[in-house]
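Here is a brisk report on how one chain packs.

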Amino acid sequence: MMLEAEARWAREWLFDAALPLWWQVGADPAGGFFEKIALDGKPVIAPRRLRVQTRQTYAFIEGGRLGWQGPWREAAEHGLSFFMGNYRRADGLFRCLVAPDGRPLDDTADLYDQAFVLFALAHARAAGIGDSDLLAAARSLQAELTAQRAHPVIGFEEATPRVLPLRSNPHMHLLEAQLAWVAEGITEPFEGVARAIVELGATRLLDPQTGAIGEYYDGDWSFAEGAPGAVREPGHQFEWAYLFRHAGDLLGVDHRAASDRLYAFGSRFGIAPDRRAAIFAVDAAGTPTDPRARLWAQTERLRTALVFAAATSDADARDAFIADAREAFEVLKVYLDVPVAGLWRDQWLADGAFLEEPAPASSFYHILSAFVVLLKAGGLA
């Protein structure tokens, strides 16, 4: 087993601090979840993004799967009922923002947000949360996305009529969502969509020179003009690398070479020498352009390093991946070292200071996604 001590620490932090706090304080008794909790432990009252409601619903489901004995089912149902009841538009897509009482504030149906609805519905159905209509709801949403947003060649548009640039990030999470359904043995229509996104990633999004995936593309899936087309986020290199491996397991496609190049680019150019943290952005050549180190990128590095370590039979390579995972975990603990256990800081600045701000609920999804792999590696899940 790998990283047993780290896995024990992660389980204790989750079960004794984070999951109880984000339910007791982070859930609004009137419905849904708060966007943030201040570092003094008080919830922040603010408009509510769809992505937070769906991610928190997933986080409690994952906590229950890991063995947390708290009210994970009640928490997940709390989130599911709020986002299904308050965000769905008349056309079947989901709006991005509502007031705390559920009143619509922004009717925009962001492609990224639709991915997280599909993701949360898959995990809710797998956990027996909600009613029998969740599969029908997911199929309906995917059908509407395809009808309204299908790109003429491959992938999806940001909006109708077209808005440029196109983004890789929503496709990454759409792939994650489709794979969550496939993992449950439900292939229609999710397997076909997943295969198309994998093809998009491997044939259009990847830079053949460096093996990295960018963020912004023109209408033909070429890198966008100027500085936007050169943006490479190290955290997303790790995330895509993991998803290519995961897709290989579920779909029988082999993109291990591309996955390896993504991981190598993120590791070579994306880790700050002083903080040993994955930074926010570099350019196409790997030169840092945004030295902030966001919490989520550390979790993606941790998860992918663990998956790669478990998948290799080469002892030296495995040791290197375990070393990467251990380093990523120790860096992540720096973010979690706050006065109220179960909260976190999000942005580590280049000068070594953290931005003083409330803990964003949206980070919990990333932490759970990494810790479920860590606990399995440590024999605790």
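## Helix H3 and its surroundings

In this predicted model, the buried residues of H3 pack against H1, strand E3 (48–49), helix H2 (50–66), strand E4 (97–98), helix H4 (111–126) and helix H5 (134–149). Those buried residues are Trp72, Ala75, Ala76, His78, Gly79, Leu80, Phe82, Phe83 and Met84.

H3 itself runs over residues 72–86 and has 15 residues. From its first C-alpha to its last, H3 reaches 21 Å. That is close to the 21 Å expected at 1.5 Å a residue.

## Helix H10: a buried side

Helix H10 covers residues 256–269, 14 residues in all. Its reach from first C-alpha to last is 20 Å, close to the expected 20 Å. Which residues of H10 are buried? They are Ala258, Ser259, Leu262, Tyr263, Phe265 and Gly266. These residues cover an arc of only 160 degrees around the axis, so they lie on the same side of H10. On the other side of H10, Ala257 and Arg268 are exposed.

What covers the buried residues of H10? The cover includes helix H9 (234–251), strand E8 (281–282), helix H11 (295–311) and helix H12 (315–336).

## Aromatic pairs

The model has 29 aromatic pairs. One of them is Trp13 with Phe371: the ring centres are 6.0 Å apart and the planes are at 85 degrees, so the pair is edge-to-face. Trp13 sits in helix H1 (residues 4–24) and Phe371 in helix H13 (residues 363–377). The pair links distant parts of the chain, 358 residues apart. Both Trp13 and Phe371 are buried.

Another edge-to-face pair is Phe238 with Tyr263, because the planes are at 65 degrees; the ring centres are 5.4 Å apart. Phe238 belongs to helix H9 and Tyr263 to helix H10, so this pair ties together parts that are 25 residues apart in sequence. Both Phe238 and Tyr263 are buried. Tyr263 is also one of the buried residues of H10 listed above, and H9 is among the elements that cover that buried set.

Ring pairs also build a cluster. Its members are Trp9, Trp13, Trp22, Phe329, Trp344, Phe364 and Phe371. The edge-to-face partners Trp13 and Phe371 both belong to this cluster.

## Charges over rings

Is Gln347 buried or exposed? Gln347 has a relative accessible area of 12%, under the 20% cut-off, so it counts as buried. The residue lies in strand E11 (residues 347–348).

Which side chain makes a polar contact with the side chain of Gln347? The partner is Arg292, at 2.7 Å. Leaving aside neighbours within four places in sequence, Gln347 is in contact with Arg292, Ala293, Arg294, Ala353, Phe354, Leu355 and Glu357.

## Backbone exceptions

Most residues other than glycine have a negative phi, and most peptide bonds are trans. Some places here depart from that pattern.

Thr160 and Pro161 are joined by a cis peptide bond, with omega about 0 degrees. Leu164 and Pro165 are joined by a cis bond too, with omega about 5 degrees. Pro161 is in the loop between H5 and strand E6 (166–167). Pro165 lies in the loop between H5 and E6 as well.

Leu3 has a positive phi, near 55 degrees, and is not a glycine. Leu3 is placed in the segment before H1. Its relative accessible area is 2%, and Leu3 is buried. Arg276 also has a positive phi, about 60 degrees. Arg276 lies in the loop between H10 and E8. With a relative accessible area of 34%, Arg276 is partly exposed.

How values were computed. Residues numbered from 1 in each chain as written. Predicted model: local features only at pLDDT ≥ 70, side-chain atom pairs only at ≥ 80, totals over all residues. Heavy atoms only, no water. Helix = DSSP H or I, 4+ residues; strand = E, 2+ residues; numbered from the N terminus. Expected span 1.5 Å × (residues − 1). Buried < 20%, exposed > 50% of the residue type's maximum accessible area, 1.4 Å probe, protein only. Arc of directions from axis to C-beta. Contact = heavy atoms within 4.5 Å. Polar contact = N/O pair within 3.5 Å; in protein donor to acceptor, adjacent residues only side chain to side chain. Phe/Tyr/Trp six-rings, centres within 6.5 Å; stacked < 30°, edge-to-face > 60°.
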